Amino acid sequence: MNINPWVAPKSREIRKVLVALAPHVASACDVVPDAGNDPQIVILRHTELDKLRAHIYVHGQRAGTYGIFLEYPHPVPGIMESEENLPLARLLESLALHFAA
């Protein structure tokens, strides 16, 4: 990962995700600097496939849960997936699968 999650300019909930990433997942992705600098959202991208991304957010989620929006480098435009109100453990499982770590 290209940042130190302990000092990232993100909300406590988002930093919690970054710190909780297993080492094999953290080494497979980097944080994308987002233009809006929203502390409630983080975008992760695969270190080798720029279009393989995961947007993690807490906006509109129940307390203690996360939303995730997944992007794939697929030849058919518009292939996307999202999940809402995921507990941290399920979010981490989704990220590990998405980044195939």
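The model is predicted, so local features are reported at pLDDT of at least 70 and side-chain atom pairs at pLDDT 80 or more, whereas totals for chains, interfaces and linings use all residues. Residues are numbered from 1 along each chain as its sequence is written, and side-chain values rest on heavy atoms, with hydrogens and water left out.

**The chain as a whole**

The protein chain holds three helices and five strands, where helices (H or I, at least four residues) and strands (E, at least two) are DSSP runs numbered from the N terminus. From the N terminus on, these elements run α-α-β-β-β-β-β-α. The radius of gyration is 13 Å, close to the 13 Å that the globule rule gives for 101 residues, so the chain is as compact as a globular protein of that length; the radius is taken over C-alpha atoms, and the rule is 2.2 Å times the number of residues to the power 0.38. Along its principal axes the C-alpha trace spans about 35 × 25 × 25 Å.

Of the 101 residues, 42% count as buried, a term that means under 20% relative accessible area, with exposed meaning over 50% and partly exposed lying in between (1.4 Å probe, protein chains only). Among contacts (heavy atoms within 4.5 Å) with a separation of 6 or more, 39% come from residues 24 or more positions apart.

**Helix α1 and its cover**

Within helix α1 (residues 12–20), Ile 14, Val 17 and Leu 18 are buried. Seen down the axis of α1, the buried residues fall within an arc of 95°, so they line one face of the helix; the arc is that of the directions from the helix axis to the C-beta atoms. An α-helix has 3.6 residues a turn, so residues three or four places apart point the same way. The face of α1 turned away from the buried side carries the exposed residues Arg 12 and Lys 16. The cover over the buried residues of α1 includes β1 (29–32), β2 (41–46), β3 (53–57), β4 (66–71) and α3.

Val 42 lies in strand β2 and, at 1% relative accessibility, counts as buried. Leaving out residues up to four places away in sequence, Val 42 touches Lys 10, Ile 14, Leu 18, Val 31, Ala 54, His 55 and Ile 56.

His 98 is in helix α3 (residues 88–98) and is buried, with a relative accessible area of 8%. Other buried residues of α3 include Leu 88, Leu 91 and Ser 94. The side chain of His 98 reaches the backbone oxygen of Arg 53 at 2.8 Å, and His 98 also touches Leu 52, Ala 54, Leu 70, Glu 71 and Tyr 72, among residues beyond four places away in sequence.

Glu 83 is in strand β5 (residues 80–86), and its side chain is joined to that of Ser 94 by a polar contact of 3.4 Å. A polar contact is a pair of N or O atoms within 3.5 Å; within protein, one must be able to donate a hydrogen and the other to accept it, and residues adjacent in sequence count only if both atoms are side-chain atoms. Beyond its neighbours within four places in sequence, Glu 83 is in contact with residues including Tyr 57, Tyr 66 and Arg 90.

The table lists two pairs by their C-alpha separation.

| Pair | Separation in sequence | C-alpha to C-alpha distance |
|---|---|---|
| His 98 and His 46 | 52 residues | 9.2 Å |
| Val 42 and Val 31 | eleven residues | 7.0 Å |
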